[in-house]
Amino acid sequence: MKQVTLIIGNGFDLDLGLETAYSHFTTANVPEWERWLSEELYKPMEIYNEKAISHSLGADLKLARKKDNWFDVEEVIYRYANKIQSPSNSLIGLVRNQYNDFKIGFQKYLMRVAIEDNVSKKSLARDLFRRVVEVEYHSVISFNYTDCYALCQCEHPHDRSFYPIHGMHNGEIVLGCRDYLDKKVNTDFLFLYKPEHVKMQKAIIAQRMREATDVIIFGHSLNRMDFCYFVDYFNSKEDVVSGKHLTIICKNAESEKTIRKNVEYCLGHSAIFDNADVIHSELFYTNNQQELRIYNELIERINMGTRKP
């Protein structure tokens, strides 16, 4: 029985033509970002001393944006939570406000830009999504805050086939870091860490990946902050189906390099790309659509599971 699991990250939204990356949000002239800077870095000068402001999460986020056009907010949060030891209650309160207001500002920004009118109707992401949801037995696991069904003009499923892992921008969202490897949680900033729901979500992801005949990862870098969701599956020695296909869709060779580096860092090896006896894995670049063989073969397999009229 054909079963397809589609896992999407921010690269999926970017391929749709949406400016939904943190780096898009933290750009000059974006009103929500400018308002956050004003409310959380400038006005607090009246309450907190300059030293507290300079040691705050907000200062680190601003500096990270200044240094690099693209940066991972959750990595910045992680480094900050492990850098500041024995903070004062005043600093903890300031950081909590900065963190909560950053989430609110980002949600408002997404509600403004992540709309159907901004989606490229010719995008690979849109085409693939609309095909996947026609498969009778499919799952969509989204690490984005956006509504992929509405963006791709598809009806929301009535069954349990859609899993917005980090919530959606029109509701509560999960933004923060996870302790990984031998690092310990800084209990002073416990609110910066992702909640325990990770345990439940990682079990769901592992199950859906095991059951699927085709697993498609589109636009997710398998980064260190999110790898905790995948580790149960990749460390498992058992798969429900044999001859599984794992297709990773990313932007270009540089994106592939990042993915391989992340996997090797988190697992200690990159065998998931090489063990053809267990999983037939392939990578496909969205910026090189002249090489459509992999995509066409993927579509042929997907169509085998499409609902009969």
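I call a residue buried under 20% relative accessible area, exposed over 50% and partly exposed in between, with a 1.4 Å probe and protein chains only. By that rule, 54% of the 309 residues in the chain are buried.

Source notes. This is a predicted model, in which local features need pLDDT of at least 70 and side-chain atom pairs count only at pLDDT 80 or more, while totals for chains, interfaces and linings use all residues. Residues are numbered from 1 along each chain as its sequence is written, and side-chain values use heavy atoms, with hydrogens and water left out.

Entry 1, overall make-up. I counted 13 helices and six strands in the chain. These are DSSP runs numbered from the N terminus: helices are H or I with at least four residues, strands are E with at least two. I then looked at contacts, meaning heavy atoms within 4.5 Å. Of the contacts in the chain with a separation of 6 or more, 74% join residues 24 or more positions apart.

Rings of Phe, Tyr and Trp (its six-membered ring) pair if their centres lie within 6.5 Å; planes under 30 degrees apart are stacked, over 60 edge-to-face, and the rest tilted. I found 24 aromatic pairs in the structure. Phenylalanine 102 and phenylalanine 106 have ring centres 6.4 Å apart and planes at 25°, so I noted this pair as stacked. Both residues, phenylalanine 102 and phenylalanine 106, are buried. They are separated by about one helical turn because they are four residues apart in helix H7 (residues 89-113). For tyrosine 233 and phenylalanine 234, the centres are 5.3 Å apart and the planes at 65°, so that pair is edge-to-face. Tyrosine 233 and phenylalanine 234 are also buried. One aromatic cluster includes Phe102 and Phe106, with Trp33 and Trp36 also among its members.

The test is NZ of Lys or CZ of Arg within 6 Å of the ring centre and within 35 degrees of the ring normal. Arginine 224 has its charged end over the ring of tyrosine 265, 3.6 Å from the ring centre.

How do the axes of H5 and H7 cross? Axes are lines fitted to C-alpha atoms, for helices over the stretch in contact, and angles run from 0 to 180 degrees between N-to-C directions. The axes of helix H5 (residues 57-67) and H7 come within 8 Å and cross at roughly 50°. H5 and H7 are therefore oblique to each other (under 35 degrees is roughly parallel, over 145 roughly antiparallel, 65 to 115 roughly perpendicular, the rest oblique). Leu57, Gly58 and Leu61 of H5 make the contact with Val95, Gln98, Tyr99 and Phe102 of H7.

Glutamate 256 is in helix H12 (residues 253-267) and is buried, with a relative accessible area of 16%. Leaving out residues up to four places away in sequence, glutamate 256 touches Cys250, Leu283 and Tyr285. Histidine 138 belongs to strand S2 (residues 138-142), and its relative accessible area of 9% makes it buried. Serine 86 has a phi near 50°, a positive value in a residue other than glycine. I placed serine 86 in the loop between helix H6 (73-83) and H7, where it is exposed at 67% relative accessibility.
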